[in-house]
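Reader: I am new to this structure and would like to know what the words used for it rest on. Could you take me through them one by one?

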Amino acid sequence: MRRRPGIAGLQNAAATRDQFRLVGENVAKVRTDVMKEQLATFRTQLEEFARKHKNDIRKNPLFRQQFHEMCAKVGVDPLASNKGAWAELLGIGDFYYELGVQIVDICIATRATNGGLIDLLDLRKLLCQKRKADLGSLTSDDCLRAIIISVGKKKLVRSVPTELNKDHNGILELAQAEGFVTVEQVERKFSWSTGRAIDVLETLLKEGLAMIDDGHRDGKRRYWFPCVTLSSDSTGADAKLLLLRLFTGEQLRLPRVFAPFSRVILTADLLVVIFLPGRATVQHCRPGDALWRVASAPAPHVFDDLISVNGTLYALVGLRLATLQLSESSLELSFLGGEHDDANRPEGDRFMLGECGGEVLLISVEHEERVVYRVFRWASEKRKWEMITNLGGRSLFLGLDGFAACVDQDHPGVRGDCLYAAGRRLGEWHEYSLADGTCDVCNADYPGAPPLNNSSLIRPSVWIFPSLC
């Protein structure tokens, strides 16, 4: 029979364990001291290296990136403060402090356009434009000191506090193909229920990362994501926006567009303004500019329409008329009248701006049993809209999305004091008389025209005015 250890044996075993523990602690302490000594030596050598190559670190972006990587391996952050010893040693603390402020400024200025997510390359271009420097002088690594999220193959800078989960990232990655998604596309791609797809999309919409488009011809709501729309590093053919003279073939190329738009305004001095009705943001540039300038109206104002008349840019905000002045990254709204009450509110379901003889007009469309168009002129002395039924013999032409042109009465086949509006079907148009309120629905007859009452896709006609070009 084996004899169990006595009290003395247990005490010896405990003493042995204590001795091993002390030896282990001593070994660990020695190793820690050695590592601290090695790190101190390395940091001293790193400081000497920084002094020797100070100018290269400040001026060479690639060298600066490699220096950061070397510092990170030993837990040194030379940019943790713009007032620390490292900043004083290298003299680049102010550089990164200024860069950080500029990144914040750009993210805030473009948030209304891109929903708080900006493509990294677009950010670098805007930074270099702001700093009046070449793109090569500023690397992505310099910008990656901000908050970064990765969506698919993209790196995006986040300037909103939203926490994006796997569902959100999946939708952003899906939107990279076309810039938008529909509920049906999300359901098919991820095998989600309709409720789950709508819930995730509405969350992104609520947080300002998405824009909605309910005006598509197939009737399906589209959720646009400006941060992945027409990105500067998109694969495939470059997306282009051109001003094209139809009868000469002359082309003026415009920069890539930040966000979706449906309306284009071209002023007499070739200022191009694009916007999406119902949003607070406009984008504008001139031929030859490298980037679109982005400006937003102060909350809670949004633009319902814009028009340029006699060199002045006018905005429709609700039913209020305002002049709009655009600068580098801001705009100024000057309202010409106050709010409309129920007694003097213009009638109609949908409103757009127009012009006739150099006078600003408000045009309304109402769909009841038949289509009704109304035209209002701005009575500046009364500071309100007044309905008119006489255009001085002129005629107004409307596209599906807005005003097209005002035509004098000397055009054959065009009736005076009428509105000509493009229909929703290919070759369809309306002739509406302001004098008697009659509306004729017409269909263009030409070789290859689709049959009447056809079920083809909705394709509105486009008005072209050779004598006005």
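Reader: Which residues does Leu 419 touch, not counting residues up to four places away in sequence?

Author: Leu 419 touches Ile 363, Tyr 373, Val 375, Leu 396, Leu 398, His 430, Glu 431, Tyr 432 and Leu 434. Contact here means heavy atoms within 4.5 Å. A word on the source: this is a predicted model, where local features need pLDDT of at least 70 and side-chain atom pairs count only at pLDDT 80 or more, while totals for chains, interfaces and linings use all residues. Residues are numbered from 1 along each chain as its sequence is written, and side-chain values use heavy atoms, with hydrogens and water left out.

Reader: What makes a group of residues a nonpolar core, and how many residues has the largest one?

Author: A nonpolar core is a set of buried Ala, Val, Leu, Ile, Met, Phe, Trp, Tyr and Cys residues joined through side-chain atoms within 4.5 Å. The largest one here has 32 residues, and Leu 353, Leu 396 and Leu 419 have the most contacts inside it. Strand 19 (residues 371–379) gives the most to this core, with six residues. Domain 2 (264–338) and domain 3 (340–468) both contribute residues, so the core lies between them; the domain bounds come from an automatic or database domain assignment. In soluble globular proteins, nonpolar side chains tend to be buried together.

Reader: Why is Cys 356 called buried?

Author: Buried means under 20% relative accessible area, exposed means over 50%, and partly exposed is in between (1.4 Å probe, protein chains only). Cys 356 has 8% relative accessibility, so it counts as buried. This residue belongs to strand 17 (residues 350–356). Leaving aside neighbours within four places in sequence, Cys 356 is in contact with Leu 361, Leu 391, Arg 394, Leu 396 and Cys 406. Cys 356 and Asp 408 are 52 residues apart in sequence, and their C-alpha atoms are 9.2 Å apart in space.

Reader: How do you know what counts as a helix or a strand, and how many of each has the protein?

Author: Helices (H or I, at least four residues) and strands (E, at least two) are DSSP runs, numbered from the N terminus. The protein has ten helices and 25 strands.

Reader: What makes the span of helix 6 close to the expected one?

Author: The expected span is 1.5 Å times one less than the number of residues. Helix 6 (residues 120–131) has twelve residues and reaches 16 Å from its first C-alpha to its last, close to the 16 Å expected. Its buried residues are Leu 120, Asp 122, Leu 123, Arg 124, Leu 126, Leu 127 and Cys 128. Leu 123 has a relative accessible area of 0%, so the word buried applies. Between the C-alpha atoms of Leu 123 and Ile 106, 17 residues apart along the chain, there are 7.6 Å.

Reader: How do you know that Asp 119 caps the N-terminal end of helix 6?

Author: A side-chain oxygen of Asp 119 lies 3.0 Å from the backbone nitrogen of Leu 121. A polar contact is a pair of N or O atoms within 3.5 Å; within protein, one must be able to donate a hydrogen and the other to accept it, and residues adjacent in sequence count only if both atoms are side-chain atoms. Another polar contact, of 3.0 Å, joins the side chains of Thr 281 and Ser 296. Thr 281 sits in strand 11 (residues 281–285), and its relative accessibility is 11%, so Thr 281 counts as buried.

Reader: Why is Arg 383 called partly exposed?

Author: Arg 383 has 49% relative accessibility, so it counts as partly exposed. Its place is the loop between strand 19 and strand 20 (384–388). Phi of Arg 383 is near 55°, again a positive value in a residue other than glycine.
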